[in-house]
Amino acid sequence: MRDRSYHQFARTGIPFHALKSIFITHHHPDHNIEYGPLLILGWILGMPLDVRAFGPPPLKQMTENFMRAYKQAVDFWAEDFRMKPLTSVNVQEISAAGPVTQDDNVKVSAILVDHPPVKPALGYRFDFKDRSIAFSGDTAPLEAVAKMAKGADVLVHETMYVPALETTIRAAIAKGWPVTFDVFMAHMKADHTPCEDVGRIAQEAGVKTLVLSHLTPAIDSIDDETSRTRVAKYFKGEIVVGKDLMVV
């Protein structure tokens, strides 16, 4: 999940009472900062009290701390609207690859991905009765992602366009951003997957559709065809450049 999660969920038109589980890949702010607001605002909009949350440690502690911080706000709303307050969340921490949860509709499994220094960081696969969807999470190029996604209908994979990122970072540094080019690019290359490697991974996995997600750099000047063309050198299936609220 990324920023504005509760707002974007509302925009889908899916009722909050349909929200049963939340999956977090890793603890970087752009992936978890909206977790707490999603819980509180989701609850007031009808999210079930038995909602479950899955993700790496220390998700239990984070959840407890947030619920403690917002207890009074929840109590005020519960009193005003005569609702049962949200007091806790069923949290399952994931520290290793393997099965996560299963019910009559879906089987969920996880792998460990490579996103240093964040450990553990996760990728997820969701196997439904009629389709399967794999999510890379944030990761450097990894054979484990191709293995996880083997035969899936859809692979959603983070994607980095290196030339544009280098240009963007140099421009930001020139305007005063307090990082050094070499250190920042070393981090990005150790933590994220270039377009070409995304294509190789998807081709090896044999997926039907590849969705390019978590686009880096996230700037409007990069048209969809630029990323798609680089990936298509190695992946011969359908390529979709992911957008918020897109239905695949």
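1. A polar contact is a pair of N or O atoms within 3.5 Å; within protein, one must be able to donate a hydrogen and the other to accept it, and residues adjacent in sequence count only if both atoms are side-chain atoms. The side chains of Ser21 and Arg52 make such a contact, at 3.1 Å.

2. This is a predicted model, in which local features need pLDDT of at least 70 and side-chain atom pairs count only at pLDDT 80 or more, while totals for chains, interfaces and linings use all residues. Residues are numbered from 1 along each chain as its sequence is written, and side-chain values use heavy atoms, with hydrogens and water left out.

3. Ser21 belongs to strand S1, residues 21–23 (strands are DSSP runs of E, at least two residues; helices are runs of H or I, at least four; both are numbered from the N terminus). Ser21 counts as buried because its relative accessibility is 18% (buried means under 20% relative accessible area, exposed over 50%, partly exposed in between, with a 1.4 Å probe and protein chains only). Beyond neighbours within four places in sequence, Ser21 is in contact with Val51, Arg52 and Phe54 (contact means heavy atoms within 4.5 Å).

4. S1 is part of an open sheet of 3 strands, ordered S1-S2-S3 with parallel pairing (two strands pair if DSSP finds at least two bridges between them). S1 and S3 (90–93) stand at the edges with a single partner strand each, so one side of each has no neighbour in the sheet.

5. S2 (residues 52–55) pairs with S3 in the parallel sense over 4 bridges. Ala53 stands opposite Val91 in S3.
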